[in-house]
Number of protein chains: 2
Amino acid sequence: MSTDKNVINISNIRIACKDCSLFQLCLPIGVGEADLELLDRIIKHRRPFRRGEHLFRIGDPFQAIYAVRAGSLKTYAMTEDGHEQVIGFHLPGELVGLDAINGECHPCAAKALETTSVCEIPFDRLEELADHMPTLQRQLLRILSKEILQDHNLLMLLGKKSADERLAAFLVSLSARFKRRGFSSREFYLSMSRNDIGNYLGLAVETVSRLFTRFQEEGLVTVQRKHILLRDIDELSLRAGVSGPMASSKSVNGV
Amino acid sequence: MSTDKNVINISNIRIACKDCSLFQLCLPIGVGEADLELLDRIIKHRRPFRRGEHLFRIGDPFQAIYAVRAGSLKTYAMTEDGHEQVIGFHLPGELVGLDAINGECHPCAAKALETTSVCEIPFDRLEELADHMPTLQRQLLRILSKEILQDHNLLMLLGKKSADERLAAFLVSLSARFKRRGFSSREFYLSMSRNDIGNYLGLAVETVSRLFTRFQEEGLVTVQRKHILLRDIDELSLRAGVSGPMASSKSVNGV
DNA sequence: CGAATCCTTGAACACCTTCAACAGGGGTGG
DNA sequence: CCACCCCTGTTGAAGGTGTTCAAGGATTCG
């Protein structure tokens with residue numbers, strides 16, 4: 001009932017990068033079709049991962065980065081005492097594995113949250129390609145830089161914001177990302193568990209649950225298990241930013 | 001008493017990268033001297049920044065990345081409500097401004113914590129250079145990747161750790177970084193204020209202060225204002241990792 | 001020396017966590 | 001198809017950790 005190769009072969013259908021609806025999200029190098037052609041040639045399409053399967057685990061040798069094509073996944077690291085720390089959630093068009101470029105092994109694991117298909121981009125091939133393609137080179141740097149920027153935003157979230165603000169920011173962020181991908185920004189499914197959300201936001205599961213309930217009571221959202229409807233995105237955005245007792249004067253060293 | 005050009009010109013002395021004690025820390029491209037020579041040619045040495053001066057501010061146009069040569073600085077962003085969020089502290093041999101590569105402007109500011117001299121590396125020149133130097137290209141990617149990795153570690157710290165663990169981790173991290181640079185790993189000066197530390201670690205100033213006191217009472221450190229002596233690095237490392245009530249079972253979804 | 005800033009210490013409070021119990025799916029096997 | 005179980009998610013009450021508010025000391029610099 002679950003032999004690997006036979007069940008779903010649809011995924012092996014070759015989809016060229018230039019035909020991919022996400023091509024401007026993952027590695028939008030110069031508009032040149034020739035470049036895309038070359039890039040396309042090194043990309044491997046693998047069968048979809050089922051919920052719970054790993055793309056790679058912590059310590060796996062680093063060989064490729066991955067672009068999510070459909071579905072979603074989470075990346076997580078381990079604390080010294082063996083507990084998970086969710087680093088991020090990845091939607092279609094986003095790259096995974098960038099934190100491994102520096103080393104030999106993956107410092108974090110990537111696990112499918114639902115049935116998920118990805119493009120595998122062997123990194124040595126990508127580097128070779130980039131050697132002769134300055135635009136790709138520069139694009140890569142920009143992508144990594146963007147990742148750093150996103151991490152900094154998350155740092156601000158974890159460092160300063162209250163529980164409400166964190167969940168609001170999380171929902172607003174997801175909303176914006178879905179929108180960019182052509183999905184609804186008001187209505188979507190959370191593929192991750194409450195546990196994962198809490199872990200990611202630095203909150204207890206119970207807190208997340210209570211917040212969802214409260215947000216619903218306040219008319220901000222409608223939650224039905226994993227189904228989310230944002231009823232007041234503006235108010236959510238507001239909450240994600242200001243308010244709360246944490247918004248005090250810290251390190252205001254002035255000009 | 002503070003005209004710019006006249007007071008300290010020592011800093012304008014040309015120090016070639018190959019003679020710099022930090023060259024293996026900041027951009028250690030292939031061992032080739034020729035490469036270093038080329039790199040060296042595009043680097044600008046500017047007069048040292050005094051405590052409180054900015055290398056760049058939020059929103060400044062992005063033109064260069066910087067390598068700290070001596071001294072130290074902090075980078076910080078602004079939350080929506082106008083408060084500072086310290087992103088990181090930067091010691092000699094570390095690069096600053098990498099999160100701006102993706103955009104036109106600096107998303108965070110960099111401010112000297114003490115008298116600090118840096119190498120300014122114009123980014124367009126660096127990219128041009130990299131176009132014809134694959135090793136430099138790859139090195140850049142690795143450096144950015146490493147930055148991402150460090151941010152992920154910080155995320156784990158802010159997401160999961162108690163106040164004790166945070167401060168312990170902070171001290172141990174500083175210790176290791178000083179060691180790499182040839183300074184003492186047991187004894188050093190904190191160039192940043194308690195305020196900055198608290199801000200960085202997501203704690204109130206008062207908490208940081210209390211923790212320093214407690215660590216001292218427990219014989220882990222000796223603190224005298226900004227002067228730090230680590231008396232028991234092993235125990236500190238231990239605290240940085242495990243212990244505390246936060247070390248509970250979260251998101252243990254198993255294999 | 002005085003002002004300003006940074007650091008420290010104390011006490012009360014608030015937020016979130018922890019512990020505990022229960023409800024609601026979703027799957028399996030009878 | 002229903003019963004059962006397991007897991008995820010929810011809700012309640014108590015407790016703790018860190019914050020906030022407040023005041024006093026230390027240090028720096030004009």
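Mentor: Quick ground rules: residues count from 1 along each chain as its sequence is written, and chains are lettered from A, ligands numbered from 1, in the order in which they are written. This is a predicted model, where local features need pLDDT of at least 70, side-chain atom pairs count only at pLDDT 80 or more, and totals for chains, interfaces and linings use all residues, while side-chain values use heavy atoms, leaving out hydrogens and water.

Trainee: What makes residues of chain B and chain A count as "in contact"?

Mentor: Contact means heavy atoms within 4.5 Å. By that rule, 60 residues of chain B touch 60 residues of chain A.

Trainee: What is the area buried between chain B and chain A?

Mentor: Buried area is the accessible area (1.4 Å probe) that two parts lose on being put together, summed over both. For chain B and chain A that comes to about 5,700 Å², with carbon and sulfur atoms giving 57%.

Trainee: Why is the pair Arg138(B) and Glu127(A) called a salt bridge?

Mentor: The rule wants a side-chain nitrogen of Lys or Arg within 4 Å of a carboxyl oxygen of Asp or Glu. Arg138(B) and Glu127(A) have their closest N and O atoms 3.5 Å apart, so the pair passes. The rule finds six salt bridges across this interface of chain B and chain A.

Trainee: Which element gives the largest share of chain B's side?

Mentor: H4(B), with 20 residues. Helices (H or I, at least four residues) and strands (E, at least two) are DSSP runs, numbered from the N terminus.

Trainee: How do you know that chain A has domains?

Mentor: Domain bounds come from an automatic or database domain assignment. For chain A, that assignment gives domain 1 (17-155) and domain 2 (162-247). Their centres, taken over C-alpha atoms, are 25 Å apart.

Trainee: How much do domain 1 and domain 2 of chain A bury between them?

Mentor: About 1,400 Å², with 56% of it on carbon and sulfur atoms. On the domain 1 side, Leu25(A), Phe89(A) and Leu91(A) supply 43% of the buried area, more than any other three residues.
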